[in-house]
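The model is shown first, and the notes follow.

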Amino acid sequence: MSSSIETPLHYFHGQQTGSGDAQVTIFESPLCGHLNLRGNPQDEQFLEGVESVVGVKPPTTAGSCASSGDISIYWLGPDEWLLLLPESRRAEVESELRNKLSGHFSVVDVSGGQTLLNVRGDGVADMLKKSASYDFHSNNFPAGRCVQTHFAKATALVSKKDDGSFDLVIRRSFADYLASWLLDAGEEFGCRVVGGGEV
Amino acid sequence: MLHIYCPFCREERDEEEFSYAGEAHIQRPLDPESLSDEEWGDYLFFRTNAKGIHHEMWYHIAGCRRYFNVTRDTLSYQILESYLISQQPGVRAKQTASAEQGEQPNAN
């Protein structure tokens, strides 16, 4: 008998609200690695240590993100970042960071606590407006920005991608609630949840 | 709804993202053992309850999860500045006659 690990929203995959073609797509990524990284941004050794593993220095500008290859790094606070990476590289990157960094730092694997959604489509900006008071208009929130904010009374890390879609990192414990919320908010545009497959 | 400028996120966010964390600039006594019960009680429980300019801590709980200080007018709710915990406020209340006489509790 085989067992499989499923993403937090696997039972939502294929669900749709609204009639006609879905203009908004909520794509739940396959399981990926989430590492919470903390360290001193004034410490050049720390920044270079992270760069040697990840390929890019942790962004020190508030609310910005960077990526290198298949790893993305998001600013969470002045000394805190989130690394998103493929599940297959999670253990390797975590131990590499521990080897390369020294002094006062922390690396915590929070993969089991969150899930990554990508929302895209014509109505996506309007759908987000219903959910948060933050201004996600492209004048205020261009590609490469990320923000942690209240989202439908829960919290989310929202970032804008180069292709105009939005990435949402949400808590596993709120995933069911937020997926239901997003399907409801996207009903007028036609909204569909799709999944990235099971491991 | 207040709009509060977070000095770490470097932008104004809605009040709902923040949590009020009490009066700012209250220093823990260096040697608590040597305080009288009254002095310890003052430190723990008594606040200025200012009418007008007030320095207070806010916690950006839904954002960067950092504490910082805000100067707010408790009459108009106007927020005059946000600054780091390590800094001193740029806006201060005008000294009142009673404060100069030392009647205000916890006046440092």
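Which residue is the bridge partner of A:Gln114 in strand 11 of chain A? The partner is A:Arg171.

## Basis

This is a predicted model, in which local features need pLDDT of at least 70, side-chain atom pairs count only at pLDDT 80 or more, and totals for chains, interfaces and linings use all residues. Residues are numbered from 1 along each chain as its sequence is written, while chains are lettered from A and ligands numbered from 1 in the order in which they are written.

## Strand 8 and its partners

Strands (E, at least two residues) and helices (H or I, at least four) are DSSP runs, numbered from the N terminus. Two strands pair if DSSP finds at least two bridges between them. Strand 8 of chain A pairs with strand 11 (residues 166-171) of chain A through six bridges, in the antiparallel sense. Strand 2 (residues 24-28) of chain A also runs antiparallel to strand 8 of chain A, with five bridges joining them; here A:Val24 has A:Gly121 as its bridge partner.

Six of the eight residues of strand 8 (residues 114-121) of chain A are buried, so this strand is largely enclosed by the rest of the structure. A residue is buried if 20 or more other C-beta atoms, placed from the backbone, lie within 10 Å of its own.

## The five-strand sheet

Five strands of chain A form an open sheet in the order 4-5-6-3-7, with antiparallel pairing. Its edge strands, strand 4 (65-68) and strand 7 (106-109) of chain A, each pair on one side only. Four bridges link strand 4 of chain A to strand 5 (residues 71-77) of chain A, and A:Ala66 stands opposite A:Ile73 in strand 5 of chain A.

How values were computed
Buried ≥ 20, exposed ≤ 12 C-beta atoms within 10 Å, placed from the backbone.
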